[in-house]
Amino acid sequence: MTDTPGPAEVPELTTDLERAAWTRLGTVLDPEIRRPVTELGMIASVTEGGQDDPAGAGHLTVGVRLTIAGCPLRDTITGDVERALADLEGCTSVTVEMAVMTAEQRAALKEFLTGGRPPNPFGPGTLTRVYAVASGKGGVGKSTVTANLATALADRGLSVGLVDADIHGFSIPGLLGTTARPTRVDEMILPPVAHGVKVISIGMFLDSDRPVAWRGPMLHRALEQFVTDVYWGDLDVLLVDLPPGTGDIAISAAQLLTTSELLIVTTPQQAAAQVAARAGELSEQTGQRVAGVVENMAAMTLPDGSVLDLFGSGGGQTVADRLTETLGREVPLLGSVPLDPQLRQDGDGGTPVVLEHPSSPAGAELRRVAESLAVRPRGLSGLKLPVTPRD
Ligand SMILES: Nc1ncnc2c1ncn2[C@@H]1O[C@H](COP(=O)(O)OP(=O)(O)OP(=O)(O)O)[C@@H](O)[C@H]1O
């Protein structure tokens, strides 16, 4: 028996083909947990046909254990297992047999995934860079910017999570084109993955489009669950799409995600900039750092070469300058994303512009902003520095 890190006991493998198949199955990732199915106790058996199997030698039967009955990803897993074994030398055909984990097996999986982790994986000491995306007012494109930054970062190979904390106005699932529901393994929630981003939104838990009539404590509890009950795995970056303004959720997010830094989204309009700067100044009370400002809906160049600056200009720089002055620390303008119909169209279609049209004006600028976030050193807010005073 091989020593596998995980809840899995390696099933008995007697032939060379079975052993080769097991190695191949190690390349199949669970679509939600994003770890090899062989590590997760999901492969119950790998058996090559013998004399009593009409399909004979070369025929492999793979027993797969799903985490829950009626797992929505059953077909995806079947297809992935079949593909992994398709060109395995000596394998003539594959049958996938599905079963469901027992309560003990599920408990072992949960223990394997969460064991030894702090209940809040984004507290002090976390290696994940956490960005809370805020705006002064609604409609400035905060969710659009967040969804695009998340997918651009994932596209660069980073492990990215996205919390849609805009509980009254959630729009992230639509922007990422997902209608998937999270899978529950007992009280652990596995987030759906869209365009390589693990994403969770209150919209995924609601049965209708009715407005969410929740107040402070429930909002806090929902956000807390998103942080502690969702299995995020090891993330490089977590983005949090906050509601506009400086309300309950923005404060809860700062309390729960003590290492989070704020990203402020504003339009170029001066009046909007004043309100956006206030959202940034909340950081003085919450102790967060402001990582930077993203200006959105900036001037666009029309096909005839003329420039349309619907919302004026300079708002992003105004916010960056004002925050630099009030906070006493450099707050950079990270980018200025132009008005671009392509951005809206791709957002409506559920495929972010950074993937669908990466060299469009908005796509290219958003990729540039994502690039600057990817290479930024992690903020030290909330972290204790290992410094001992000299005698
Ligand atoms: N640069 C842009 N060019 C064209 N359209 C844009 C741009 N940015 C955002 N939009 C469009 O503006 C609308 C508002 O965007 P979005 O929902 O992202 O704003 P928001 O700030 O998150 O709003 P709220 O916080 O109120 O939910 C959307 O229809 C979006 O497609």
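Strands here are DSSP runs of E, at least two residues long, and helices are runs of H or I, at least four, numbered from the N terminus. A quick note before you click on: residues are numbered from 1 along each chain as its sequence is written. The model is predicted, so local features need pLDDT of at least 70 and side-chain atom pairs 80 or more, while totals for chains, interfaces and linings use all residues.

Now show strand 11 (residues 261-266) next to strand 12; the two run parallel, with six bridges (DSSP must find at least two for strands to pair).

Next, pick strand 15 (residues 333-338), which pairs with strand 12 in the parallel sense over five bridges. Glu295 has Ser336 as its bridge partner there.

How many residues of strand 12 are buried? Nine of its ten are, where buried takes 20 or more other C-beta atoms within 10 Å of the residue's own, C-beta atoms being placed from the backbone.

Now for the ligand. Select the 21 residues around it, with Gly138, Gly141, Lys142, Ser143 and Thr144 the closest (a residue is near if its C-beta atom, placed from the backbone, lies within 6 Å). Helix 4 (142-155), strand 12 (289-298) and helix 10 (341-349) each give two or more residues to this shell.

Note on methods. Buried ≥ 20, exposed ≤ 12 C-beta atoms within 10 Å, placed from the backbone.
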